[in-house]
Amino acid sequence: MKFQKAVSTARTLLLIALVFCVLGLTMGGAELATYRAVATGIAMLLVVVALYYIFRYCRCPYCGKQIFFGVSKATSCPRCRRNFVTGKKVKRNR
Ligand SMILES: [Zn+2]
């Protein structure tokens with residue numbers, strides 16, 4: 001799987017998880033406890049799947065470095081400094 005695709009998939013999963021999480025938090029009352037538990041369960045499942053995607057696929061295609069923090073806005077590898085799209089070495093821009 002391509003890096004960008006994995007990142008966008010993980011991001012989408014986390015977004016849906018957040019929706020379910022908010023849904024679960026906003027449902028009050030004992031009569032909604034089952035729905036709340038289901039929403040929380042789905043949210044946790046989605047987070048686990050998203051984390052799996054990040055750990056499994058969000059790595060540099062050139063050196064294999066795992067990119068976890070700031071993966072959604074990373075455009076180049078922090079280790080080999082290659083751009084994920086073009087594969088060209090990029091200069092430090094900070
Ligand atoms: Zn790399």
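1. What covers the buried residues of helix α1 includes helix α2, where buried means under 20% relative accessible area, exposed over 50% and partly exposed in between, with a 1.4 Å probe and protein chains only. Those buried residues of α1 are F3, A6, V7, T9, A10, L13, A17 and G24.

2. The model is predicted, so local features need pLDDT of at least 70 and side-chain atom pairs count only at pLDDT 80 or more, whereas totals for chains, interfaces and linings use all residues. Residues are numbered from 1 along each chain as its sequence is written, and side-chain values use heavy atoms, with hydrogens and water left out.

3. The chain has two helices and zero strands, these being DSSP runs numbered from the N terminus (helices H or I, at least four residues; strands E, at least two). The radius of gyration, taken over C-alpha atoms, is 17 Å, well over the 12 Å that the globule rule gives for 94 residues, so the chain is more spread out than a compact globule; that rule is 2.2 Å times the number of residues to the power 0.38.

4. The zinc ion is coordinated at 2.2 Å by the SG atoms of C60, C63, C77 and C80, donors being N, O and S atoms within 2.8 Å of the metal (3.2 Å for Na, K and Ca). The spacing of the donor residues in sequence is C-x2-C-x13-C-x2-C. C63 and C80 both lie in the segment after α2 (33-57), so this pair ties together parts that are 17 residues apart in sequence.

5. The two cysteines of that pair can also be described by accessibility: C63 is partly exposed at a relative accessible area of 31%, while C80, at 13%, counts as buried.

Technical notes
Contact means heavy atoms within 4.5 Å.
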